[in-house]
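Welcome, and thanks for taking a look with us. Please have the model open as you read this short report.

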Amino acid sequence: MGNCTTPPIQQEQNIMELDFNRPSTYQKFDKLINDYSLEHDIGPQYHSLLQRMIGSKQEYILQRMDEMDRYSKAMFLQNLERIDFEMIDSLLHNCYQKEQNYFPANIKFISGKDQSKGLSMIKNREVGLFLMAGGRSTRYPDKPICKPGSPSRKAPIQLIFERLRKIIQLSQEEDTFNYKGLPIGIMLSDAIGIKIKDFIREKKQFGFESIDYLYQKTLPVLDSDKKIVFNVKDEPVLTPNGTGYVFPLLIQFMRKHPNLKYIHVLGCENLLALPLDPYLLEQDADIICKAVDSHLYCDDKIYYQDGLFKYLDEIVDLSMTENTEKITKMCLNDLMISVDFLERLSLDKQKQFKLAQKYHVIKRGNQMHFERHVFDVFEVTDNLLLLKSNENALILDDAKKAVIQLSNHHKQWVGLTNLNEEDLCEVCPNMSYNGEGLKQFQVSVFLNALKYASDELDTLIALDYKSNNERINERMVRQYFISYKGDTTNLQKYLREQYILDQTIIKYGINWEQRLHINFKVRQNKLHTKRQYEDAARLYLSGLTNNSQVKPI
């Protein structure tokens, strides 16, 4: 940038000495802005921006334009138009103070024993899913779509959508499943929003009809001198304004889907997250939030201890890691929120204002981030439940630890707790949502299934998004492992045959009974190619219809 030659504007014209309580002062202020713009070749369309910048004591930014040409200045000022300077000034003067980092709570703990009510609501589409997939991903890059190293190599958001499909199956009794009509929303940020949308698009939206994408707002990052931070391209560094911005978006979301009674607000940082967990719907409340025992302290989480909710500044105590009696309950980004509560919140201007003004200062290095937290809503509800949970595999600073936690959790499902921690185990969502339906497997058989099914089932799952016969395919794969007693020698070949057969089924509209007959003929004649499968299908169907010219549907 070189040496600065432009003195601050207030020094040139003594703007700081102006008395803004007098109407004539504003006329003088406008004249000073006009004179400055003419002198520094700044167009009149940016006069309002200059006024807002100076009014919020950020006039030092003007010095960055000293060595810029007219075009570069215009681009620089266009980027500044995105900044809410009045909000910065307000945050610096009225920000959330340390003594307010805790508040009393009158809550009730529940353990979750009955899921019948929740399954019924899922079946009737009375509960929707809203994922929080925004943020800058500074601690772990592209967190929702990363591959943290689990055996299946699946991203957290993919595991969530596959578990979502599974819980819908469990809520229905039919052999074919209807994934239509389930309200799904995702909160994105400018930083990684495009990547997440592309990832979901590549997966064909995991078979779901529609997904609503809504974006967080951003705020500039400030340094220790309370000045806006710029990158090497002279662009202001902006950061999403936190998970607390989800509430204005939820109100938009619920208005679009009037049948909803609850919305499950779920983060994408937990490898064990259970979308639409029916146990969260066991009892009616304004908000039901999952909480886990934890010694892990994060600046965007809230903790319950001794009748108080506390944020990071109030909870850090080295003695707590030594005294197990002081283990805290950490609330997860896993909340079931009543639509009735959101309606009342949207009409209560006082509570809305309280939430809108509650920002937290997150200090990372010598930088300050201003964020709203989703847990701030706890202060404006009188009916809050905490569900005790052990589903804690958070990808924060240590993804490897999260994968081990996921593996240990799944080992308990199948009775493999005597294995070494390094021997990873993962149960695919299409096999079990939360440990159910696994007792029929012998451990020796199932262990081999865990090693291979995670990857190979992707082929069948991808097909299921088209054929809508996931229970049939799952049954076939389970049958394979039972029949071959865990021998995986022919698994690749078997799955390839089933994939070709299912393509034939889709193409010719073959039903389940016809499928079994064709599969038997194919295996009897040792046919393995796509052409041979289709020939067998046409031959069989022509025999049923007395028509040798059977054509694809």
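## Charges over rings

Which residue lies over the face of Y179? R165 does, at 4.2 Å from the ring centre. A charge counts as sitting over a ring if NZ of Lys or CZ of Arg is within 6 Å of the ring centre and within 35 degrees of the ring normal.

## About the model

This is a predicted model, in which local features need pLDDT of at least 70 and side-chain atom pairs count only at pLDDT 80 or more, while totals for chains, interfaces and linings use all residues. Residues are numbered from 1 along each chain as its sequence is written, and side-chain values use heavy atoms, with hydrogens and water left out.

## Helix 7

Helices (H or I, at least four residues) and strands (E, at least two) are DSSP runs, numbered from the N terminus. Helix 7 covers residues 156-171, and its end C-alpha atoms are 23 Å apart.

Buried means under 20% relative accessible area, exposed over 50%, and partly exposed in between (1.4 Å probe, protein chains only).

## Aromatic pairs

The structure holds ten aromatic pairs. Rings of Phe, Tyr and Trp (its six-membered ring) pair if their centres lie within 6.5 Å; planes under 30 degrees apart count as stacked, over 60 as edge-to-face and the rest as tilted. F161 and F208 form a tilted pair, 6.0 Å centre to centre with 50° between the planes. This pair links distant parts of the chain, 47 residues apart: F161 belongs to helix 7, and F208 to the loop between helix 8 (193-202) and strand 5 (212-215). F161 is buried at 0% relative accessible area, and F208 is buried too, at 4%.

Elsewhere, F103, F109, Y304, F309, F375 and F378 make up one aromatic cluster.

## Cysteines

A search of the whole structure finds zero disulfides (pairs of cysteine sulfur atoms within 2.5 Å). C146 counts as buried at 9% relative accessibility, and C268 is buried at 2%.

## Confidence

The pLDDT, the predictor's confidence in each residue from 0 to 100, averages 76 over the chain, and 68% of the residues score at least 70. Over residues 314-326 the pLDDT is below 50, and this stretch has 16 contacts (heavy atoms within 4.5 Å) beyond near neighbours in sequence. Where pLDDT is low, the predicted coordinates should not be read in detail.

Note on methods
Expected span 1.5 Å × (residues − 1).
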